Amino acid sequence: MNSQRLATGIFANTHPVMSRGSAITIIAFVLFTIIAPAYANSIYAAAERFIATRLAWYYVILMSFFLLLAIYTAFSRFGRIRLGHDDAKPEYSFFSWFSMLFSAGIGIGILFWSIAEPIYHLQGNPFIAEGQAKTVAAAQVAMRISIFHWGLHGWALFAVTGMALAYFCYRKGLPLSIRSGLYPAFGNKIYGPIGHMADLLAVFGTVFGIATSLGLGAQQMNAGINYLFGVKINSTNQVFIIAVISVLAMLSSLNGLNNGLKKVSELNIRLTVLMLTFFIILGPTAYLLGAFVTNLGDYMTNAFNLGFWVDPDPKSQWQGWWTLFYWGWWISWAPFVGIFIARISKGRTVKEFILGVLIVPTLVATFWITVFGNSAMFIELFGSGGVIKAVNKDITTALFVTMKLMGLGKTVVTIGAIICTVMLVTYFVTSADSATLVICTLVSMGEPKSPPKLRIFWSLLIGAVAGVLLIAGGLKALQTASIVAALPYSIVLAVTTWGLYKAFREEPCNNGLPYSVTPDDMPLPPEYGQGYSRKPGKKATAECLPANQHF
């Protein structure tokens, strides 16, 4: 990137096509949705119907493919490859690493759905017989489906995406951006229109994916504030919440990864542990612990079949409303979560990376959904009931109504509601903060340290998109945006995966152990990029190169 090609102003030291092009396109979308909301909604709805009716099979097979691929890679010879030179060590402790990847990867969505989704499925789904709704058997199926949507399939997608980006950056010296995964396929053409398009798709997917979560989080925060202080639940208050939290996320991003995001992420995990303990001790303890064992075994037994299920009923909207929404959500989050996880995972082996991203978050998500979801199930099936009525009336109140119906007393419930609301804020901040850092990295062509003005701009723009989607159609608009944004980026994911395994197969070996050096007389394949030196028996010096050394 030569100096005469650098953007100026807010976008100083970034690529003009990436920074200005992405901003203009997203702002145009926001204006279009504000000016012609009815027409915009009709277009978004038509796109969603097309995907749900014609491409459900594609989303289903894609997610199952990534899971099988991740498991194979972890236990193949490629699992010994280190994301960095052979002597590289992880930069973060396991707790800090897990806290950041879980906070960024799962965000505030699980707080929104951990009670509401099981309760919806309890009332009916394609896997229970007619007349079986609201029974113990239906409850087990409801928990299975909910855990499936938050389990291995989604985390496998994040694992493969993050692994590819970390590999090409820390081992091959390419920029930490989506375009780098296309190098084996296109070579230096990734620094032109092909690479720009891949990164722009990643920016769009990130903005709309994170906007979906921020919109859901704002609705639930509004419900919590309503419970605590009587503030009305409406779109105006929700947009105001988004604005306030976006400013907090902006301040966190200005403090950097170690001083801002890392500390807030660790706070997230501590608050999560506190809240889960709150439910276990004060709720039906034995029932919840037994349910966790049952749910985990039931999920593991049925995950493969669920992963390949396509609804045979062309008139049914269930799969589009649930599974396709989740798969679109996971795919649209893959660019920013993948880049973020890659950024904090230097020095880990491929096997350590995959198993860490796959197993631990899935176990935590399963335990989380069990504790919250089965607490609501217990009230509905064996207690006084009322959760179904509350969810059907206003989905955002599910968590707070469940605590109230646990019969713990007003003071205890108020304390729990305060903790949950604070959790929503901190998860909101980490999601928006990590998305801002990743978008700035993308528009800066892989440069990890972006200008403060750029981080401020993108923090506010992400909030604006979330607010507009809420105004345009609430939850339905958010779900539609997630599904539609995922489709074009899924093609980039497929090509990146092919390029990763092409590079894996060309890894030199020494007594069966991959290493990152080659003899002096062995020419480096052109697809490995440039910017690193290799000597026999010495550590490679590959690092992510600044953007100006790749253009």
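## Secondary structure

Helices (H or I, at least four residues) and strands (E, at least two) are DSSP runs, numbered from the N terminus. In this predicted model, the chain comes to 19 helices and 2 strands. Residues are numbered from 1 along each chain as its sequence is written. Local features need pLDDT of at least 70 and side-chain atom pairs pLDDT 80 or more, whereas totals for chains, interfaces and linings use all residues, and side-chain values use heavy atoms, without hydrogens and water.

## Burial and contacts

Of the 551 residues in the chain, 61% are buried, meaning under 20% relative accessible area with a 1.4 Å probe and protein chains only. Contact means heavy atoms within 4.5 Å. Among contacts in the chain with a separation of 6 or more, 80% join residues 24 or more positions apart.

## Helix 14

Helix 14 covers residues 323-343. The expected span of a helix is 1.5 Å times one less than its number of residues, so the 21 residues of helix 14 should span 30 Å; the end C-alpha atoms are 29 Å apart, which agrees. Because 21 of the 21 residues are buried, helix 14 is largely enclosed by the rest of the structure.

At Ala334, helix 14 bends by about 50 degrees, the bend being the angle between axes fitted to the seven residues ending there and the seven starting there. A proline, Pro335, follows within four residues.

How values were computed
Buried means under 20% relative accessible area, exposed over 50%, partly exposed in between (1.4 Å probe, protein chains only).
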